[in-house]
Amino acid sequence: MCGIVGYIGEKKAHPILLNSLGKLEYRGYDSCGIAVAAGGIKVYKDAVRVKALQKALSPIDGTTGIGHTRWATHGEPSRVNAHPHCDCTGRIAVVHNGVINNYHTLREQLTGEGHILSSHTDTEVIPHLIEKYYEGDLEKAVELALRDIEGSYAIIVLMADEYKLVAARKDSPLIIGVGDRENFIASDVPAILDYTSRVIYLEDGDMAVVTAGKVEVKRDGAQVARKEDKILWNVEDAQKAGYEHFMLKEIHEQPKVIRDTLTEYIAAAEPAADLAVAGDMSLEGILILACGTSYHAALIGKYIIEELIKIPVRVEFASEYNYSGLAPARNKAIVITQSGETADVLRAIKRLKEGGCQVIAITNVVGSTASRIADRTVYTRAGPEISVAATKSFVAQLMALYWLALPYSRVDIRKLDDLIMELRQLPIKVQQVLDNEMAILECARQISDFENMFYIGRGINYPVALEGALKLKEISYIHAEGYAAGELKHGPFALLGSRTPVVAVVAQDNTYEAIVTGIKEIKARQSPVLALAGEGDETIGGLADSVITVPQVDPIFSPVVNAVVLQLLAYYVARQRGCPIDFPRNLAKSVTVE
Ligand code: F6R
């Protein structure tokens with residue numbers, strides 16, 4: 001949540017800062033601002049999107065500056081609460097991503113000492129603490145200020161007449177982009193892709209002092225070496241490439257994402273990670289933790305692992321697990337996180353590790369915090385996912401789960417060969433779904449005027465129903481609930497009727513008959529039914545009001561094709577309703593606060 005950037009070099013800072021902020025809007029977009037060193041410190045900020053701020057600005061001369069795009073945690077979105085925040089003198093400006101837990105106490109102390117704070121944010125205490133400790137040495141003042149702070153932060157500090165930027169992180173991501181006689185600081189890689197592919201990933205507890213020609217990383221005042229990495233993503237990966245929205249582009253990238261992700265696993269010629277659990281694996285099983293869409297991938301992972309390896313799998317929201325009384329799993333756990341920065345997931349990893357558990361992280365972001373604190377990382381190769389609604393990363397996570405499970409599979413060898421062959425055919429099957437886009441658009445038109453909907457599925461497609469409903473509600477603002485098909489009659493039937501359509505995910509597996517019966521029961525209550533059914537299914541057409549045909553695949557792979565249909569359905573419903581698809585209200589891509 002919140003994206004921060006910094007630039008120091010020989011070029012004008014403000015166009016670079018605004019361009020980089022635009023690339024980070026997926027992290028928050030309820031207000032934004034920049035501060036540039038130009039004589040003193042000039043601050044421009046408002047409760048607007050980056051493009052609007054850009055329009056309102058006249059050229060500024062400075063070549064050093066910082067910027068912020070916000071997802072409000074403390075204080076409503078407004079000009080006064082937008083970052084950067086300054087000290088009393090207006091000579092120190094700070095941008096911050098994270099949460100200062102003890103800001104109330106600090107604020108009272110600072111006010112008592114005569115500081116004047118004008119916003120409702122937690123962040124504003126930081127520049128004032130730096131002001132308090134500043135005695136001619138900015139780094140020292142930042143170090144002392146951070147000692148007073150409890151919570152999470154990635155910060156960049158700019159001070160008038162100091163020809164450097166000071167950055168620090170704890171539990172929030174921060175990277176340095178290394179350029180030629182210029183350097184960049186940012187929350188995430190897309191912000192710097194236009195300028196450099198050389199990156200330094202800062203560690204928790206690091207402080208970086210960045211000038212145009214030098215990056216110095218320190219810990220507790222002493223210099224430490226941090227290696228420079230090369231970013232594998234390119235500029236085009238983070239652009240719309242002619243699509244109306246990032247979400248549509250990312251949905252369409254999925255055949256390639258599947259191919260890229262599998263190619264890497266296949267080339268490695270070894271299991272993606274060691275799933276064998278010390279002791280009696282069959283008794284202890286595996287724990288999978290995640291949030292949101294990644295949690296839905298985790299639920300599908302449960303079906304995949306239980307079906308293939310025949311061991312019990314427990315899946316929990318990371319956010320719930322962190323508060324559960326249960327002792328951490330003793331052996332192995334998998335965490336799934338696209339960004340690798342979700343606060344609840346990171347906290348869960350730490351808790352698991354403290355309990356002696358080995359943690360395998362499935363993540364899409366190289367160098368992310370999850371990848372650095374887990375014992376083993378399995379990367380998905382989805383490329384940068386800019387749209388707030390996760391699509392391609394979800395499908396890539398499923399690939400990782402299939403590839404994790406297949407080497408330990410207890411199905412017979414012929415079946416295993418068939419499954420691997422079919423897995424490799426999935427890009428073609430997903431392409432077939434994409435080729436059917438116009439039929440999905442037509443169905444979207446039929447349901448886009450409703451305000452309440454159910455999505456139902458059974459077995460391995462129950463989490464697909466959950467994911468379909470989540471996609472719809474987050475981008476179209478229609479209230480949708482995913483339900484296990486068999487559960488609908490245990491209460492929600494009371495809500496059925498002609499104004500409550502039901503989207504039914506029908507798979508050609510042992511759940512088929514039951515879900516067909518369910519559809520008949522729903523139809524008897526006048527709810528319009530839109531069904532997803534496999535090629536050659538003669539029955540569903542006679543029952544449902546509309547049918548979207550999906551390519552035939554082994555039931556274990558049906559979540560992949562069905563999920564892509566539901567992504568497109570949500571996309572076209574939201575488009576029909578004129579919603580801001582890539583940047584839904586109140587949301588941010590990477591939830592770095594609890
Ligand atoms: C929904 C969505 C979120 C994320 C969730 C976890 O489309 O994107 O529900 O899935 O915030 O994020 P990661 O996977 O980055 O931990």
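Arg 181 is placed in the loop between β9 and β10 (183-186), where strands (E, at least two residues) and helices (H or I, at least four residues) are DSSP runs numbered from the N terminus. With a relative accessibility of 51%, Arg 181 counts as exposed, because exposed means over 50% relative accessible area, buried under 20% and partly exposed in between (1.4 Å probe, protein chains only). The model is a predicted one, in which local features need pLDDT of at least 70 and side-chain atom pairs count only at pLDDT 80 or more, while totals for chains, interfaces and linings use all residues. Residues are numbered from 1 along each chain as its sequence is written, and side-chain values use heavy atoms, with hydrogens and water left out.

**Backbone geometry**

- Most residues other than glycine have a negative phi, and most peptide bonds are trans.
- Arg 181 has a positive phi, near 55°, and is a residue other than glycine.
- Asp 161, also a residue other than glycine, has a positive phi near 65°.
- Asp 161 belongs to the loop between β7 (151-159) and β8, and its relative accessible area of 48% makes it partly exposed.
- The peptide bond from His 83 to Pro 84 is cis, with omega near 0°.
- Pro 84 lies in the loop between β4 (64-70) and β5 (85-86).

**Other loop residues**

- Thr 500 is part of the loop between β22 (479-484) and β23 (502-505), and it is buried at a relative accessible area of 10%.
- The side chain of Thr 500 reaches the backbone oxygen of Leu 495 at 3.0 Å. A polar contact is a pair of N or O atoms within 3.5 Å; within protein, one must be able to donate a hydrogen and the other to accept it, and residues adjacent in sequence count only if both atoms are side-chain atoms.
- Ser 172 sits in the loop between β8 (165-170) and β9 (175-178), and it is buried, with a relative accessible area of 0%.
- From the side chain of Ser 172, the backbone oxygen of Asn 97 is reached at 3.2 Å.
- Gly 221 occupies the loop between β13 (215-219) and β14 (222-224) and is partly exposed, at 45% relative accessible area.

**The ligand and its shell**

- Of the 14 residues around the ligand, Ser 294, Gln 338, Ser 339, Thr 342 and Glu 474 come nearest; a residue is near a molecule if one of its heavy atoms lies within 4 Å of it.
- The shell has five nonpolar, seven polar and two charged residues. Here Ala, Val, Leu, Ile, Met, Phe, Trp, Tyr, Cys and Pro count as nonpolar, Asp, Glu, Lys and Arg as charged, and the others, Gly among them, as polar.
- α9 (292-308) and α16 (462-476) each supply at least two residues of this shell, and the largest share, three residues, comes from α9.

**Contacts of the ligand**

- An N or O atom in the side chain of Thr 337 is 2.7 Å from an oxygen atom of the ligand.
- A backbone N or O atom of Gln 338 also lies 2.7 Å from an oxygen atom of the ligand.
- For Val 388, a backbone N or O atom lies 3.3 Å from an oxygen atom of the ligand.
- Taken alone, the ligand exposes 410 Å², and the protein buries 90% of that; accessible areas come from the Shrake-Rupley method with a 1.4 Å probe, and for residues only the protein chains shown count as cover.
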